[in-house]
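Welcome! Please take a moment with the sequence and the model shown below, and then follow this short tour.

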Amino acid sequence: MAYFTNFKMVMLFTLFTLTSNAVFATEVPETNKSNKPIPEATKFVTQHKGTFNGKKLNYKVVAGETYLLDKNEQPTASIFSFDYLVGDEKNNRPVTFIWNGGPGSSSNWLHMGGYGPKRVVVPSDAAHPGTAPYELQEAPETILDITDMVFVDPVGTGYSRALGETESKAFWGLNEDASSIADFIAQWLTKENRWNAPIFLLGESYGTTRAAAVSKVLMDKHLINVNGIIFVSQALDYQGSSPYVDDNIVSYITYIPTMAATAWYHQKVDTSGSFEEFIDASRQFAVDELLPALFRGNTLSAAERARIVEGLQRYTGLSKQYIERVDLRINAFRFAKELLREDGIAIGLLDGRYKIDERDDVSADPKTDAAKVISPAYKAALMHYMRTDLNVQWQRKYLNPSDPALSSNWRWRTAPDGVSWEPKYVNTAPDLSYALRSNPQLKVMVASGYYDMVTPFFDAEYTLNRHGINADKIDYYYYQGGHMMYVHEPARVSLLRDTRNFIKELLAQNSEK
């Protein structure tokens, strides 16, 4: 169905797999077939000191490969990770496995912007970050004082590759990816002798899709219970984040609060009251008024339709004429072009605070994502940091963007070949529900940016309030940023504080058992 093609485009926006360096788009993917013996796994080890949340630490970083093995104990893939280790096999220190999404993103964004002990500095106010050299700073607010961190690059991203006769596409799929990452975690725990350590999963965007699925695979395949999961920019049930499907009524509801927040930010709505109250009112309008109206369609009376038009104008800042022309159905991506159209400006999708002056002022939607301007800064910072601080001296190409063949070969099919399967929206919320019911100690933290028009925060609420998930298992947090809310400095500090408190709370509960 057509929305799968569009969906891939959205996820490429989400994790910048085509924006950091366009030259990769024409490269021929590396072949995996070789008669050469597979060498020993490569690793680079460095020693470091730092103070995190007032606690002085000596820690080591192991930047290296973990081999996935088949049933004959032969390597099938190399998963490269950046391991920040304070603990050892004796003290059972918590370990948090961290990844981005895409699918097709390395862990660069969370590593160099969100949770790593050093971060690249980009303007907090959504201004253009300029050109190199970019500034790297210590990040003393990160969570290394309470948990070791493992930043994971899936196959086809970073330095991670398929090995031997195994094809890369064997790992490129919704189920295949979750299985490989779960296998990596189990193999890593064996390699580091950390099987009795508390385990946390932390993913961003598609990385949350992955985290939910991985939690189930870990339990069923490896008998591993996860202590907690952190979702950054949740994307579990994709119906609520697919605004490009014309008859997808759900998305016209889930995006309203994000559009309201973005319109407030750009002062296109009445900002005389409380921001939080305005957003809450937009939630109520979307559910109590807009949803029934869209369900009823052409049976609405003229008076009822006029009331809905006024409400949409109140919360989105768009003209009544435009709202009428789109038949009350505001496409969130077109909203990014329409909100500031009179100024000839398009706003970002990943982060609606960003603005860009596009050449075409009459197109229905943006031709690019204004928020992608941070990509070169993140790429440059990581490549510099790997060489200078982590002493990663390797000739292998670091794939950021990913292997150019990954996107077109990604397998969304959830049924085996030869079995009938009707395409549907991606949804790993049932996997999360299963894990929560099977593991009563498990809880989930959900971190959302108000200005994220790729994974809207109201969709997180809509998704996680369903699927048989108990409300007391989910903690919601909101930030004045977009998809990568940590770009906004106050949001970054708050995100780290909230993550740290979430992990500490679960560890304390576990110790009381």
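## A strand with partners on two sides

Strand β10 (residues 228-232) and strand β13 pair in the parallel sense over five bridges; pairing here asks that DSSP finds at least two bridges between two strands. Within this pair, I229 stands opposite V444 of β13. Six bridges also join β13 to strand β14 (residues 474-479), again running parallel, and there V446 has Y476 as its bridge partner. Strands and helices are DSSP runs numbered from the N terminus, with E and at least two residues for strands, H or I and at least four residues for helices.

Strand β13 (residues 443-449) is largely enclosed by the rest of the structure, because seven of its seven residues are buried. Buried means under 20% relative accessible area, exposed means over 50%, and partly exposed lies in between, using a 1.4 Å probe and protein chains only. In a regular strand, side chains alternate between the two faces of the sheet. Both faces of β13 are covered, with K443, M445, A447 and G449 buried on one side and V444, V446 and S448 buried on the other.

## How to read the model

This is a predicted model, in which local features need pLDDT of at least 70 and side-chain atom pairs count only at pLDDT 80 or more, while totals for chains, interfaces and linings use all residues. Residues are numbered from 1 along each chain as its sequence is written, and side-chain values use heavy atoms, leaving out hydrogens and water.

## Helices α6, α7 and α8

Helix α6 (residues 256-265) is mostly covered, with nine of its ten residues buried. Among them are I256, M259 and W264. The buried residues of α6 pack against several elements, including α5 (249-254), α7, α8 and α14 (457-464). After α6 comes Q267, with a positive phi near 55 degrees.

The axes of α7 (residues 275-296) and α8 (residues 302-316) come within 10 Å and cross at roughly 145 degrees. These axes are lines fitted to C-alpha atoms over the stretch in contact, and angles run from 0 to 180 degrees between N-to-C directions. Residues of α7 including F278, F285 and L290 meet residues of α8 including I308, L312 and Y315, where contact means heavy atoms within 4.5 Å.

T66 is found in strand β2 (residues 55-69) and is buried, with a relative accessible area of 2%. Leaving aside neighbours within four places in sequence, T66 touches A77, S78, I79, F184, Q187, W188 and K191. The side chains of T66 and K191 are joined by a polar contact of 2.6 Å. A polar contact is a pair of N or O atoms within 3.5 Å; within protein, one must be able to donate a hydrogen and the other to accept it, and residues adjacent in sequence count only if both atoms are side-chain atoms.

S205 is found in the loop between β9 (199-204) and α4 (206-222). Is S205 buried or exposed? S205 counts as buried because its relative accessibility is 0%. Its side chain makes a polar contact of 3.1 Å with that of H483, and S205 has a positive phi near 60 degrees without being a glycine.

## Backbone details in the loops

A cis peptide bond joins G102 and P103, with omega about -5 degrees; P103 is in the loop between β4 (95-99) and α2 (108-115). The bond from A132 to P133 is also cis, with omega near 5 degrees.
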